[in-house]
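Please look through the sequence and the structure shown below before reading on. The report then takes up a few strands, helices and loops in turn.

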Amino acid sequence: MENHTVDTRPLELSDYPKLLELQAKCFPDMDPTTKDQFESQLYQFQEGQIGIFLDGKLVAASSALMLDFDEYSFNHTWDEIADEGYIRNHDDEGDTLYGIEIMVDPDYQGMKFGRRLYEARKDLCRKMNCKRILIGGRVPNYHLYADKMSITDYIRQVMDKKISDPVLNFQIQNDFVVKRIIRDYLPDDTDSARYATLMEWVNLEYRQTAPKVKVSSSPVRICCVQYKMRKIKSFDDFTQQIEYFVDVASHYKVDFVLFPELLTTQLLSFVGEKRPGLAARELTKFTDQFVEFFNEMAIRYNVNIIGGSHFTMENDRVYNVSYLFHRDGEIDSQYKVHITPSERRWWGVQPGSELKVFDTDCGRVAINICYDVEFPELARYLVDKGAQILFVPYCTDERHGFTRVRITSQARAIENQIYVAIAGTVGNIPSVPNMDIQYAQSAIFTPSDFPFSRDGIVAISEENTEMVVIADVDLAVLRRTRHNGTVTPLKDRRSDLYSIKFKTAEDGERVFPREELKIATDTQGEL
């Protein structure tokens with residue numbers, strides 16, 4: 001007799017090809033889960049993504065998230081409740097486990113794998129101490145009766161066992177109760193005539209905690225450093241100034257501290273090289289010291305640091321790179337994607353090509369270096385990848401350049417329902433070409449809606465004065481307004497008319513021709 005093994009466990013990223021194969025067999029006419037969606041599901045709530053493996057083969061799977069259902073309408077859609085498959089609205093403090101997908105390989109039906117998935121969900125509901133499980137259940141046989149009876153009569157007859165519906169019958173057999181009918185739940189579900197049943201299973205072992213007197217909150221404290229460029233004599237002088245601001249941020253228990261773009265050009269005041277192109281290459285020699293120092297600061301002061309940006313050499317090419325130093329010691333980097341004519345002419349900077357979203361202990365964040373924020377496609381792409389806070393280190397020489405950065409940053413906050421923090425340099429270094437004057441006003445922007453600060457500005461500095469701005473933003477408020485705000489631009493996009501499509505390219509893969517670097521003309525403005 002052959003022995004078989006059945007393993008029920010949370011899905012892992014390596015299971016993605018198997019998940020695609022299972023979805024193709026179960027739902028051949030539906031769009032499969034993208035890798036981005038699957039990665040987001042695992043990041044947000046891996047325990048809710050369950051698979052059943054028979055002898056190593058994925059034969060059944062389900063997906064769920066936790067949420068506070070009071071924050072949603074009973075007439076919700078699948079896209080709304082599932083965040084279009086990304087479940088970025090998952091709430092660890094939610095009182096409801098909501099199932100968004102379940103599937104069993106047709107070749108293995110009748111082996112009670114579906115029942116195993118439901119039991120695994122019930123166990124998870126008890127473990128997380130949720131009040132209930134909710135699901136939006138399809139009624140795939142309704143199209144056979146739609147011209148004969150209403151959806152209400154159809155459901156009643158299924159419950160009375162006068163007619164059969166495979167999904168509704170199965171859910172009732174697993175102790176789920178019909179609570180109401182949802183219209184337009186899945187617009188493409190023609191078999192169900194776009195209807196669904198809101199089904200509930202009550203957790204009888206739910207333990208009542210303290211009464212909920214307020215909605216959930218996920219505050220994050222941000223510090224933007226408006227840094228003064230001044231002449232210094234050594235790298236130690238530079239680190240002394242930086243550590244002062246990191247210490248200030250740590251004293252106020254900040255989660256993120258943002259420094260301006262190209263703050264290391266201050267080092268050129270003692271390097272001695274006057275020709276900008278060669279000076280930029282001299283700066284790259286400080287990269288190891290720069291990274292080591294900021295990494296130590298992040299760990300010592302227990303704060304995540306966006307280290308402005310720094311010229312970095314790779315394959316004999318100069319890039320403008322912003323480093324994210326996590327307080328746990330991890331280091332990430334974002335290359336500047338769009339290079340201004342001034343950067344090309346003065347410094348010989350090459351463009352990066354990868355856009356990244358970084359997982360931190362305070363949510364998912366991304367970085368647009370100065371000029372990059374003026375291209376709305378980048379921020380929208382990053383938000384679709386899960387970014388909740390966008391950091392914009394910038395360096396502008398006069399008010400026109402600053403105005404472009406400031407206004408487009410606030411636009412990105414409004415159109416993407418995201419927090420945007422900007423930090424710039426002030427002061428001057430007359431001895432350093434192209435860095436002789438600075439103009440800045442650092443700020444933290446929010447979406448423009450009632451739960452946020454007036455004018456969508458939570459904090460703003462004085463113009464051209466060395467200082468910091470510190471403020472709290474709340475990721476839970478952001479999540480709620482994305483679903484229930486006065487306007488909901490993320491939800492209301494006409495994806496049937498337009499979309500953003502990015503080509504895959506690695507940093508360093510695409511470069512400016514040398515002749516372009518030579519003929520690019522000088523323009524004043526932002527770097």
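## A strand and its partners

Two strands are said to pair if DSSP finds at least two bridges between them. The model is a predicted one, and within this predicted model strand β8, residues 219-229, pairs with strand β22, residues 467-474, in the antiparallel sense over eight bridges.

## How enclosed is β8?

A residue counts as buried when its relative accessible area is under 20%. Eight of the eleven residues of β8 are buried, and therefore this strand is largely enclosed by the rest of the structure.

## An open sheet of seven strands

Elsewhere, seven strands form an open sheet with mixed pairing, and their order is β1-β2-β3-β4-β5-β7-β6. The edges of this sheet are β1 (6-10) and β6 (177-183), each of which pairs on one side only, while the twist from one strand to the next averages 25°.

Helix α1, residues 16-26, lies across β2, β3 (57-67) and β4 (96-104), and runs at about 95° to β3. Helix α2, residues 35-45, also lies across β2, β3 and β4, but runs at about 60° to β3.

## Two loop residues with positive phi

Asp83, found in the loop between α3 (78-82) and β4, has a positive phi of about 55° although it is not a glycine. Lys253, which lies in the loop between α7 and β9, has a positive phi of about 55° as well, and Lys253 is not a glycine either.

Which of the terms, buried or exposed, applies to Asp83, and which applies to Lys253? Asp83 has a relative accessibility of 12%, so it counts as buried, whereas Lys253, at 66% relative accessibility, counts as exposed.

Conventions: Residues are numbered from 1 along each chain as its sequence is written. This is a predicted model: local features need pLDDT of at least 70, side-chain atom pairs count only at pLDDT 80 or more; totals for chains, interfaces and linings use all residues. Side-chain values use heavy atoms; hydrogens and water are left out. Buried means under 20% relative accessible area, exposed over 50%, partly exposed in between (1.4 Å probe, protein chains only). Helices (H or I, at least four residues) and strands (E, at least two) are DSSP runs, numbered from the N terminus. Axes are lines fitted to C-alpha atoms, for helices over the stretch in contact, and angles run from 0 to 180 degrees between N-to-C directions. Contact means heavy atoms within 4.5 Å.
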